[in-house]
Amino acid sequence: MDTITLKIDGVEVTVPKGYTVLQAAHEAAIKIPTLCYLKEINEIGACRMCLVEVKGSPKLAAACVFPAADGMEVYTNTPRIIENRKKTLELILSNHRKECLSCVRSGKCELQQLCQEYGIEDENYYAGANPVFEIDDSAAHMVRDNSKCILCRRCVAACTVSQGIGCIGPNNRGFDTNIGSVFDLPLAETSCIHCGQCIAVCPTGAIYEKDSVDDVFAAIHDPSKHVLVQVAPAVRAGLAECFDKPIGTDAQGKMAAAMRRLGFDKVFDTVFSADLTIMEEANEFIDRVSNGGVLPMITSCSPGWVKFCETYYPDMIPNLSTCKSPQGMFGAVAKSYYAEKEGIDPKDIVMVSIMPCTAKKFEYGRPEMNIDGLRDNDYVLTTREFGRMIKRAGINWDMLPEEDFDLPLGLGTGAGVIFGATGGVMEAALRTAVETLTGEELPNVDFEDVRGLKDIRTATYEVAGLTVRVAVTSGLANARKLLDMVKAGELEVDFIEVMACPGGCVNGGGQPQVHADIRNFVDIRAERAKVLYALDKGNAIRKSHENPAIKEIYETFLGEPGSHLAHKLLHTTYTERKVNGNWEK
Amino acid sequence: MIRSHVMICGGSGCTASGSKALQEAMEKELVAKDLQDEVKVVQTGCFGLCELGPIMVVYPGDVFYSRVTVDDIPEIVEEHLLKGRIVDRLVHEDEVLKEQVTSLNDTSFYQVQKRVALKNCGLIDPESIDEYLAMDGYVALQKVLQEMTPDDVIQVMLDSGLRGRGGAGFPTGLKWKFAKGYDAPQKFVCCNADEGDPGAFMDRSILEGDPHVVLEAMTIAGYAIGANQGYIYVRAEYPIAVQRLKIALDQAHEYGLLGKNIMETGFDFDIDIRLGAGAFVCGEETALMTSIEGNRGEPRPRPPFPAEKGLFQSPSILNNVETWANIPQIIINGPEWFAAMGTEKSKGTKVFALGGKIKHTGLVEIPMGTTLRTVIEEVGGGIPNGKKFKAAQTGGPSGGCIPASHIDVQMDYEHLAEIGSIMGSGGLIVMDEDNCMVDIAKFFLKFTVDESCGKCTPCRIGTRRMLEILDRITEGKGTMEDIDKLEELAYYIKENALCGLGQTAPNPVLSTIRFFRDEYIAHIQDKKCPAGVCTALLSYVIDPEKCIGCTMCQRNCPADAISVTDYVAEGHKKPSLAIDTDKCIKCGACMNNCKFGAISKQ
Amino acid sequence: MKSLEELARIREQTKAKIALREKEGAVRVVVGMATCGIAAGARPVLSTFVEEVNGSGIGDKVSVEQTGCIGICQYEPVVEIFDGDEKTTYVKMTADKAKRVVAEHLVKGNVVTEYTIGAAKV
């Protein structure tokens with residue numbers, strides 16, 4: 001590999017050719033502040049926080065995009081540079097709704113942190129016009145407060161570059177520039193698929209999830225209610241970050257303990273219904289293959305992806321698996337099977353779902369997600385809200401013991417837990433489908449080909465005389481690429497897994513926000529996925545069909561996968577949607 | 001057989017003053033007099049003297065008629081075209097020479113000029129490729145394709161010393177050389193016709209008057225750098241220019257001067273037009289390219305420079321219309337010919353759009369290095385109404401003000417930069433003693449604030465904060481610290497903004513503080529606008545000794561701010577009136593209506 | 001698509017057509033076109049000059065212009081030819097005479113003395 005050697009603040013550093021000054025400085029243990037830069041998706045040099053001096057150049061260079069060169073001498077913290085950065089911050093503050101004490105991002109805000117680091121003394125130094133924008137809380141999952149927006153455009157990059165949607169972008173220009181949708185439509189009327197990737201990358205409190213913490217506390221303390229909680233696989237890979245633990249910390253045991261202490265009547269695990277999903281989905285796939293059904297079949301666990309498909313690829317709705325997502329299946333089972341088993345009136349059950357996902361807040365409200373008029377789920381919290389709940393309840397995370405989930409719906413397998421990483425659903429489905437088709441035990445349950453973070457991963461398996469071709473992708477811009485290839489006949493596959501968020505649920509829009517200065521140098525997707533793969537490996541049961549609780553529910557309640565009752569409870573339908581459809585009306 | 005040509009200006013300026021109707025009337029009158037086979041009416045591009053429009057020139061004889069109306073047509077036909085007698089009353093009275101000048105070339109306006117980029121403007125019919133050919137059009141292209149290698153062409157450009165006329169003055173040959181140096185399957189040649197400085201219309205006039213010169217030059221550049229596709233980015237507010245470009249493109253295609261296998265040399269080149277929506281920032285090269293790509297027009301950080309990764313991430317060059325207009329002549333006449341004009345580092349000529357407090361507003365082309373004094377006093381005919389010259393503004397919102405003390409500055413890249421201004425694209429706005437320099441700074445800054453794309457923090461918020469400070473000062477609410485804050489922000493924005501437009505946005509403020517600090521101080525400390533422009537600092541006052549009590553002012557006051565007092569001046573019969581400054585909206589109606597000079601603004 | 005030859009031809013033809021807009025250093029043929037001149041037949045004289053000048057390939061060197069009454073109405077149509085400081089005045093011109101003046105005077109440089117005002121007076 002070609003390398004170059006340069007000096008940054010007098011420190012000599014050798015880095016690969018093609019590195020930017022920002023990356024080179026990182027190697028030299030120097031942090032250059034950024035606000036707009038997001039590696040690979042938002043390299044626009046707009047915020048001007050990262051300007052540095054390059055010896056011999058009269059102009060300052062934006063370190064985030066300026067290529068490092070051999071022999072270059074860079075100065076990142078001279079008085080001139082620091083003075084400039086202070087002014088940039090002061091200007092941003094002059095145009096920011098400064099309600100830091102009550103802001104949801106307080107303490108975790110990148111702007112606030114930089115202001116502290118740079119010693120901003122007078123937040124009103126450049127006071128002037130500071131327009132107040134109308135808050136957009138039209139969407140099911142989130143709130144946009146443009147008065148706190150610093151126009152870094154990270155949300156736009158997430159929406160446009162990562163997700164290939166672009167339902168938000170800069171409107172107007174100059175001082176009046178603001179991030180909004182086409183014709184300033186309320187977000188709910190756009191083709192927003194609720195993935196929340198914009199929230200995950202926002203440096204301030206300008207975009208945040210709708211908060212249901214108070215409602216859940218109220219339900220818990222309502223003696224007439226039986227409050228159940230389910231928690232998605234990926235939550236355990238991210239939650240500890242809310243308590244300043246390193247990225248990639250396994251929080252499963254403490255998480256269960258915390259839920260119990262919060263007062264939930266039963267602490268269950270979505271991994272159980274992930275296993276249930278596999279039973280239904282593997283069965284559906286085998287059925288489609290054997291009976292000439294529509295192929296390729298595409299997974300339907302990711303509600304952001306489902307809405308994307310309904311909006312942008314409505315012709316592929318028949319390809320979507322009819323299985324509800326694990327969240328939906330869980331609620332349906334809890335209010336039927338569990339209620340019956342425990343002798344509780346399903347109407348008294350409050351089903352709380354803790355998800356790494358904001359689209360789940362949209363999904364649980366979809367009209368299809370009910371059984372005879374009873375909602376499958378009653379509240380959906382993101383990992384972040386869950387973290388806030390634990391703090392508000394005064395629970396000391398560090399001193400929490402590790403506990404287990406309650407039975408029976410807290411029993412999950414390794415196959416179910418890897419749902420939270422891209423490729424996990426496919427791998428879990430393959431484990432079950434292969435054994436079902438061959439009737440023999442797999443010598444190795446690790447399907448490495450479908451793991452990892454490559455944009456599109458394909459594999460072909462010969463199973464009991466059948467050739468099964470699979471493809472896996474995550475991030476909807478990648479999904480577009482994959483679907484277009486399939487539609488153009490360039491790629492022939494039988495089974496596709498799509499996750500809306502890049503890297504899958506571990507990087508979901510409801511996960512703890514990671515500051516860009518970490519995000520740009522650590523692959524949070526990979527670090528969090530490791531937690532799930534380790535849990536899989538450490539689980540004695542690694543195949544969904546071997547989950548005793550799953551066996552029991554089929555034997556005593558559902559019958560068999562794809563049964564009439566299973567269809568009623570566990571399967572759903574889809575709706576064709578138009579791009580920015582409500583506007584067209 | 002045609003014996004006479006009547007040239008009627010079809011540029012935007014004269015079109016606005018009615019040249020289209022003039023042309024129709026002329027054609028009708030010629031038919032009525034049965035002269036249609038002897039006299040040809042030619043619609044031309046801009047002559048430059050827009051202030052005297054609509055302009056008509058009759059050949060032979062090169063007789064120049066100014067401010068012609070439809071009513072003048074029968075007389076011109078009867079007298080001049082039929083009988084050969086010049087219609088004296090329509091002949092221009094030269095302000096500088098103090099005499100009637102029949103030929104346009106003899107006017108003081110034209111005498112100092114050296115027309116290179118504007119060579120064909122006003123002389124040919126821009127909608128006729130044949131006339132362009134007759135003016136040695138496409139000779140340069142033929143020479144390049146048949147006799148020169150791409151490196152030869154670049155060497156000629158380097159030797160000529162031609163620098164970009166869009167504002168920054170980057171050497172054109174060097175730009176081409178860089179682009180040629182990158183290997184790529186696709187390269188692009190772009191023309192910047194997104195002229196956006198307030199008051200500037202050089203590029204529009206060239207496109208309207210001589211569109212083929214741009215097509216020819218772009219094709220030459222395509223050959224030099226190895227590109228087969230060009231784009232002209234022109235603002236949609238230039239409908240005449242767009243129309244003529246479209247006609248020119250069609251003609252060039254028809255003649256095989258664009259498209260495949262040009263002049264049977266195997267070289268392919270084509271050009272498309274892209275319409276801009278008129279955003280100032282789209283004149284910035286990376287923003288222009290982003291806009292052509294179909295995105296929101298915003299600048300991109302450099303590097304990578306467009307020569308490496310420009311339009312659609314391919315090596316690209318972008319030159320401004322006026323730059324292009326010089327190129328065929330450099331090829332034909334040689335680089336030495338071009339380098340012989342101008343100064344040591346600024347070669348050739350520069351077109352300026354003269355505007356403001358000057359008698360001859362219009363378009364002028366002068367050798368680089370001509371002094372500002374020559375431009376104002378000779379070409380421009382001086383300041384009207386006997387007022388004193390105060391300052392000239394060059395470079396539009398990116399430029400600065402040149403005070404009267406520097407009136408002998410040479411107009412070239414270096415000398416203008418030395419005194420804190422820039423050449424810019426060629427806007428030249430003249431100001432007299434009635435102009436308030438704080439107000440001027442505010443005007444230009446307001447423009448930048450309005451036109452900022454909003455991408456980078458310094459420009460988006462910083463320029464707005466500067467404007468707010470200027471607003472305070474012109475309202476008499478400023479403090480002396482505000483001047484420091486202005487300078488502090490100005491230097492910060494220059495250093496930190498993303499693109500050239502942001503980096504130069506503070507220039508009008510900095511240069512007015514530099515040369516007219518006393519005016520800022522007068523606004524702040526004395527709460528006075530010395531030029532009497534800033535309305536918030538003005539008050540209208542009635543002199544009770546002069547007021548005869550006619551109440552004319554009172555009757556014309558829209559704000560009901562004037563009332564009768566009980567003071568009767570000596571010798572007057574009626575009591576005088578007085579203005580209630582709290583109610584006064586400073587519209588000036590009272591002063592305009594006072595026949596006795598009793599009202600003044602202070 | 002035009003061949004290079006065609007382009008060259010268009011260029012030359014158009015040059016001739018617009019030659020009357022070029023004026024520097026040109027020989028000027030000035031035809032008296034006042035009422036008296038026109039009455040005496042100046043118009044065919046003027047058009048003949050224009051045609052012949054262009055037809056002889058000297059269009060870029062000679063400009064044909066018109067003027068008002070020269071003051072010698074009895075000699076109309078009057079044509080004056082200015083070549084630098086020299087002025088030649090032809091009188092009682094006709095189209096045929098004009099053809100000869102172009103061929104002799106303008107092309108070859110020989111003044112057609114017999115048509116000049118001097119000859120007429122004698």
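Which residues in α19(B) meet which residues in α22(B)? On one side are B:M466, B:I473 and B:T474 in α19(B), and on the other are B:V509, B:Y520, B:H523 and B:I524 in α22(B). Welcome to this structure, which is a predicted model.

**A pair of helices in chain B**
- Two packed helices are described by the angle between their axes and the distance between the axes.
- Helix α19 of chain B covers residues 457–474 and helix α22 of chain B covers residues 507–526; their axes come within 10 Å and cross at roughly 35°.
- The residues of this contact divide into five nonpolar, two polar and no charged.

**Domains of chain B**
- Chain B is divided into domain 1 (4–111), domain 2 (129–338), domain 3 (349–432), domain 4 (437–526) and domain 5 (539–601).
- Taken over C-alpha atoms, the centres of domain 2 of chain B and domain 4 of chain B are separated by 35 Å.
- Eleven residues from domain 2 of chain B and eight residues from domain 4 of chain B take part in the contact.
- The side of domain 2 of chain B that touches domain 4 of chain B has, by class, eight nonpolar, one polar and two charged residues.

**Where chain B meets chain C**
- In this contact, 21 residues of chain B are paired up with 25 residues of chain C.
- Helix α5 (residues 129–134) of chain B gives the most to the chain B side, with four residues.
- By class, that side of chain B has ten nonpolar, four polar and seven charged residues.

**Chain C on its own**
- Chain C holds five helices and four strands, and along the sequence they follow the pattern α-β-α-α-β-β-β-α-α.
- The C-alpha trace of chain C spans about 60 × 30 × 25 Å along its principal axes.
- Chain C has 122 residues, of which 41% count as buried.
- Among contacts in chain C between residues at least 6 apart in sequence, 69% join residues at least 24 apart.

**An enclosed strand in chain A**
- Strand β13 (residues 349–355) of chain A is largely enclosed by the rest of the structure, because seven of its seven residues are buried.
- In a regular strand the side chains alternate between the two faces of the sheet.
- Both faces of β13(A) are covered: A:I349, A:M351, A:S353 and A:M355 are buried on one side, and A:V350, A:V352 and A:I354 are buried on the other.
- Strand β10 (residues 226–231) of chain A pairs with β13(A) in the parallel sense over six bridges, and A:V231 stands opposite A:I354.
- Strand β16 (residues 379–382) of chain A also pairs with β13(A) in the parallel sense, over four bridges, and here A:I354 stands opposite A:L381.

**Backbone details to look for**
- The peptide bond from A:L407 to A:P408 is cis, with omega near 0°; A:P408 is in the loop between α13 (383–392) and α14 (414–417) of chain A.
- The peptide bond from B:R302 to B:P303 is cis as well, with omega near -5°; B:P303 is in the loop between α12 (285–292) and α13 (306–309) of chain B.
- A:D184 is a residue other than glycine with a positive phi, near 55°, and A:D184 counts as exposed because it has 11 C-beta neighbours inside 10 Å.
- C:K92 has a positive phi near 45° and lies in the loop between β4 (86–90) and α4 (95–108) of chain C.
- With 17 other C-beta atoms within 10 Å, C:K92 is partly exposed.

Notes. Residues are numbered from 1 along each chain as its sequence is written. Chains are lettered from A and ligands numbered from 1 in the order in which they are written. This is a predicted model: local features need pLDDT of at least 70, side-chain atom pairs count only at pLDDT 80 or more; totals for chains, interfaces and linings use all residues. Two residues are in contact if their C-beta atoms, placed from the backbone, lie within 7 Å. Helices (H or I, at least four residues) and strands (E, at least two) are DSSP runs, numbered from the N terminus. Ala, Val, Leu, Ile, Met, Phe, Trp, Tyr, Cys and Pro count as nonpolar, Asp, Glu, Lys and Arg as charged, and the others, Gly among them, as polar. A residue is buried if 20 or more other C-beta atoms lie within 10 Å of its own, exposed if 12 or fewer, and partly exposed in between; C-beta atoms are placed from the backbone. Two strands pair if DSSP finds at least two bridges between them. Domain bounds come from an automatic or database domain assignment. Axes are lines fitted to C-alpha atoms, for helices over the stretch in contact, and angles run from 0 to 180 degrees between N-to-C directions.
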